[in-house]
Amino acid sequence: MKLNVKKTIEMGFAFLSICAFWQMYNSIIPLVLTNTFHMNETISGVIMALDNVLALFLLPFFGGLSDRTDTQIGRRKPFILFGTIIAVILTIFIPLIDNSYFANPTLGKEILFVGVLGALLVAMGTYRSPAVALMPDCTPKPLRSRANAIINLMGALGGMLYLVVAALLYPSSKTEGLEHVNYLLLFMVVVGVMLISLIIVMIFVDEVALNKEMLEYEMAHPEDNLIEEDGSGNEVLPKEVKASLIMLLISIAMWFIAYNGMETWFTTYAVKMWKMSLGDASTCLLVATVGAIICYIPSGFLASKIGRKRTILIGVAALIVAFSAGFGFTLVHPSFSPVLYALFALVGIGWAFINVNSLPMVVEMCKGSDIGKFTGLYYTFSMSAQIVTPIVAGWLLSNVSYMTLFPYAAFFAIVAFITMQFVKHGDSEIIIAKKGLDAFEDMD
């Protein structure tokens, strides 16, 4: 049994396009709302939070709906196809309305912009869970951590692709002092990335054939199936598996609260506590991102050697050490030091170990026909955490002390470490390394 790297990369283009879009959305839309439409930060913040709120309902719904879909091209690809096309059309309207409003502002255009933005968020929500569920749908259970590492790497490349394009097309030398920036070209580039990614997935990923191979593997390995029947013949999760799933979902929420709370408020913290510039503070987060990218693939291989749970626990422990050390650094050092780069590299490494293996653990506990539903559950808990944590952490910074940020993140990482001890299912089969010429059989 070996991972088909080529096919996994082709599947990963769906996630690449999603990440490229969201990187652009989170970077540009706040600027448009405040600079073009002159909305205050509170209203802009509410609009920017809508995607996470909608995700709580849309991702589980469309994930479950795709489970029950049966077409000639598969269960997930119809959602990816139509969701991407609708999102692309609506995305093009965003800079057009933005430019039109700047030239001639009217209330109707403002309402139209918000309406298109809301429709765009819904369109993106229709295919995110199906796009993510495509990988476990087409990959045998023992290989999903390694496959998810590639998917995460593709997503990171999508975000970085946007950042590179934005830096080249819109350097400060071209935008500084402008009353209004025309983002149409940038939006068109991202739309192009989305369409090219869609074409690759639709042409090269044979979802039906790959899913058939995965189901044949499951039938040949019934010992991996955690589903059982109740007295009425309905398939249900055993109580002990359901308990593991609940504790895993709680753990997911806890480490997202820790990580996202730090990610959201670190630049503000660094400027306030260490008198760092915005650029220097952002560099720390960039170091964390690079650390994660470098460790995506190794974390998948590590999970195949020692198991997903142990790999995740190593990652959570790395977060605890990094956040605790950050608090200690603040106590003894009132200004920036390169030591922070090492701490945030550790944060990125820990996050890679966690992120690559958590979704495979969730979908490991379901049967093949419920992968979309369980993917939606994963996003429900992770998105809920990302809605709550900026508010709670921000309140603590504002009303208690800025010194609370690192202990806040460390505390919830510790809680995640504790709750993970109660997760007894969803781990991967440990693959014994081959030696000599036999090792080349696993190479594509």
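A residue counts as buried when its relative accessible area is under 20%, as exposed when that area is over 50%, and as partly exposed in between (1.4 Å probe, protein chains only).

A word on the ground rules. The model is a predicted one, so local features need pLDDT of at least 70, side-chain atom pairs count only at pLDDT 80 or more, and totals for chains, interfaces and linings use all residues. Residues are numbered from 1 along each chain as its sequence is written, and side-chain values use heavy atoms, with hydrogens and water left out.

Now to the charged pairs. A salt bridge here is a side-chain nitrogen of Lys or Arg within 4 Å of a carboxyl oxygen of Asp or Glu, and a search of the whole structure turns up six of them. One of these joins K7 to E10, with the closest N and O atoms 3.3 Å apart. Both partners sit in helix α1 (residues 5-36), three residues apart, or about one turn of the helix. Helices, for the record, are DSSP runs (H or I, at least four residues), as strands are (E, at least two), numbered from the N terminus.

Another salt bridge pairs R75 with D137, where the closest N and O atoms are 2.6 Å apart. This one links distant parts of the chain: R75 belongs to the loop between α2 (41-67) and α3 (77-103), D137 belongs to helix α4 (residues 107-137), and 62 residues separate the two. R75 and D137 are both buried. D137 also meets R76 in a salt bridge, again given as 2.6 Å from N to O. Since R76 is in the loop between α2 and α3 and D137 is in α4, this pair ties together parts 61 residues apart in sequence. The relative accessible area of R76 is 0%, so R76 is buried, and D137 comes out at 0% relative accessibility too. Put together, D67, R75, R76 and D137 form a network of salt bridges.

D137 turns up again where α4 packs on another helix. The axes of α4 and helix α13 (residues 371-399) come within 9 Å and cross at roughly 125 degrees; axes are lines fitted to C-alpha atoms, for helices over the stretch in contact, and angles run from 0 to 180 degrees between N-to-C directions. That makes the two helices oblique, the label left over once angles under 35 degrees are called roughly parallel, over 145 roughly antiparallel and 65 to 115 roughly perpendicular. Contact means heavy atoms within 4.5 Å, and the residues making it include R128, V132 and D137 of α4, along with T375, Y379 and M383 of α13.

Leaving aside neighbours within four places in sequence, R128 touches I18, W22, L59, Y379 and M383. R128 and F15 are 113 residues apart in sequence, yet 8.0 Å apart in space, C-alpha to C-alpha.
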